[in-house]
Amino acid sequence: METTGIVRRRTAERVRDALGRLVTERDVWVSTAHPDHGPHQVPLWFMWDGRAVWMCTSASSVTARNVGKEPRVRLALPDTLDVVLLQGEAECFPDQEVTGDAADAFADKFGWDPREEEDAFLYIRVTPRTVRAWRGEPELRGRVIMRDGMWLE
């Protein structure tokens with residue numbers, strides 16, 4: 001792991017940086033698990049509403065089936081040099097039952113509205129309970145920046 005030049009950030013700086021990435025990033029790795037079939041991981045588009053991550057997937061996808069059986073999920077932004085990991089429970093909303101604000105914001109961000117598709121889609125909202133963030137080995141200590149749903153200072 002490359003550690004040259006990494007300056008250890010304070011917790012407040014990590015929170016600020018993680019929130020900035022949640023607003024600007026497009027993709028997130030979603031890890032789910034089925035009680036009988038084990039883990040499953042896929043990248044999905046996501047939108048951050050200031051409190052929760054919103055994603056959308058086919059209502060018949062493995063991800064949709066898994067969160068229906070086991071709502072605990074882990075999310076990871078796709079950068080191994082600037083890690084942001086979120087953990088929480090998924091709440092599911094069929095495409096025709098999702099709140100308009102969330103669906104509209106998702107459609108605005110991506111220029112695609114799943115509610116207009118012929119096939120059924122499922123919106124998944126994850127409100128993080130734990131967030132970890134670090135840049136290289138010097139930041140492993142103190143990597144938890146949210147605990148029990150509360151941002152740390």
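Cysteine 92 has a relative accessible area of 33% and is therefore partly exposed, a label for values between buried, under 20%, and exposed, over 50%, with a 1.4 Å probe and protein chains only. Cysteine 56, by contrast, counts as buried because its relative accessibility is 7%. The model is a predicted one, in which local features need pLDDT of at least 70 and side-chain atom pairs count only at pLDDT 80 or more, while totals for chains, interfaces and linings use all residues. Residues are numbered from 1 along each chain as its sequence is written, and side-chain values use heavy atoms, leaving out hydrogens and water.

If a disulfide is taken as a pair of cysteine sulfur atoms within 2.5 Å, the count is zero. The sulfur of cysteine 92 lies 11 Å from the closest cysteine sulfur, that of cysteine 56, and so is too far away for a bond.

Helices and strands are DSSP runs (H or I, at least four residues, for helices; E, at least two, for strands), numbered from the N terminus. In helix 1, the buried residues are Arg14, Val15, Asp17, Ala18, Arg21 and Leu22, and what covers them includes strand 2 (38-48), strand 5 (83-94) and strand 6, where contact means heavy atoms within 4.5 Å.

A nonpolar core is a set of buried Ala, Val, Leu, Ile, Met, Phe, Trp, Tyr and Cys residues joined through side-chain atoms within 4.5 Å. The largest has 26 residues, of which Phe46, Met55 and Leu75 touch the most other members, and strand 6 (residues 121-134) supplies its largest share, five residues. A second, separate core of 11 residues includes Met47, Trp54, Ala102 and Phe106.
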